[in-house]
Amino acid sequence: MTSLKISLFASLLALGGCQSVPLPPLVTVPKVDLDRFMGDWYVIANIPTFIEKGAHNALESYRLDADGSIATTFTFRADAFDGPEKRYTPRGFVLDRESNAVWGMQFLWPIKADYRIVYLNSEYTQTVIGRMARDYVWVMARAPEIPEADYARIVAFLGTQGYDISLIQKVPQRWAPRTGG
């Protein structure tokens with residue numbers, strides 16, 4: 001990806017697009033234990049950004065660094081399970097230290113895109129990342145699939161939060177079984 005495309009992508013995320021009707025604030029979860037939140041999250045569904053269109057096996061990984069920022073690695077296969085691997089490494093910054101649920105995700109300095117943890121189950125196995133503008137959303141889980149009833153409940157929840165649920169797309173996930181070692 002050229003630096004011009006990355007710059008455009010970061011600017012669009014930060015600005016959040018145009019809204020004709022102001023939306024109420026997007027409520028986040030009350031508290032996130034950052035240590036428990038770190039690790040791998042499979043992207044189950046999303047309203048994709050332009051770089052994610054056609055993504056297969058999308059995986060977001062977080063690591064809490066000593067300075068409190070979050071090293072993020074986003075990988076996926078472009079357009080097919082055997083497509084070329086794409087990798088992005090934005091840095092996350094916790095903006096609300098009381099809840100740890102509002103982050104700025106920085107793809108390109110100095111822009112920090114809005115990133116809000118709006119759903120997180122008590123087991124830390126399913127989460128939803130949203131944006132105040134309701135332009136993008138990511139449904140993620142610790143496993144490459146979730147029960148259909150959970151997925152339907154999450155999508156219905158997003159509808160109550162002002163998202164156009166017709167834009168949410170499942171992300172194809174197919175992984176070889178892991179073997180112990």
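How many salt bridges does the structure hold? The count is six, and we'll get to several of them below. One thing to keep in mind from the start: this is a predicted model.

**The overall picture**

Let's begin with the chain as a whole. Its secondary structure comes to three helices and 10 strands. If you walk along the sequence, you pass through the pattern α-α-β-β-β-β-β-β-β-β-β-α-β. Of the 181 residues in the chain, 49% are buried. The chain exposes about 9,600 Å², with carbon and sulfur atoms supplying 57% of that area. As for contacts with a separation of 6 or more, 58% of them are between residues 24 or more positions apart.

Which strands does β1 pair with? One is β2, which runs antiparallel to β1 and is joined to it by four bridges. Here G39 has Y62 of β2 as its bridge partner. Another is β9, residues 137-141, which pairs with β1 in the antiparallel sense over five bridges.

**Two residues with positive phi**

Most residues other than glycine have a negative phi. Against that background, a couple of residues here are worth a look. N57 has a phi near 50 degrees, a positive value in a residue that isn't glycine. You'll find N57 in strand β2, which covers residues 55-64. Is N57 buried or exposed? N57 counts as buried, because its relative accessibility is 11% and the cut-off for buried is under 20%.

D79 also has a positive phi without being glycine, with a value near 70 degrees. D79 sits in the loop between β3 (70-78) and β4 (85-88). With 58% relative accessibility, D79 counts as exposed, since exposed means over 50%.

**Back to the salt bridges**

Here are some of the salt bridges, with the distance between the N and O atoms.

| Residue | Partner | N to O distance |
|---|---|---|
| D65 | R63 | 2.9 Å |
| D135 | R131 | 2.8 Å |
| D150 | R153 | 3.2 Å |

Let's take them in turn. In the bridge between D65 and R63, R63 is partly exposed, with a relative accessible area of 49%. For the bridge between D135 and R131, both D135 and R131 are buried.

R153 counts as partly exposed, at 42% relative accessibility. Which residues do salt bridges with shared partners join into one network? They are R63, D65 and R91.

Definitions and conventions
Residues are numbered from 1 along each chain as its sequence is written. This is a predicted model: local features need pLDDT of at least 70, side-chain atom pairs count only at pLDDT 80 or more; totals for chains, interfaces and linings use all residues. Side-chain values use heavy atoms; hydrogens and water are left out. Buried means under 20% relative accessible area, exposed over 50%, partly exposed in between (1.4 Å probe, protein chains only). Contact means heavy atoms within 4.5 Å. Accessible areas come from the Shrake-Rupley method with a 1.4 Å probe; for residues, only the protein chains shown count as cover. Two strands pair if DSSP finds at least two bridges between them. A salt bridge is a side-chain nitrogen of Lys or Arg within 4 Å of a carboxyl oxygen of Asp or Glu.
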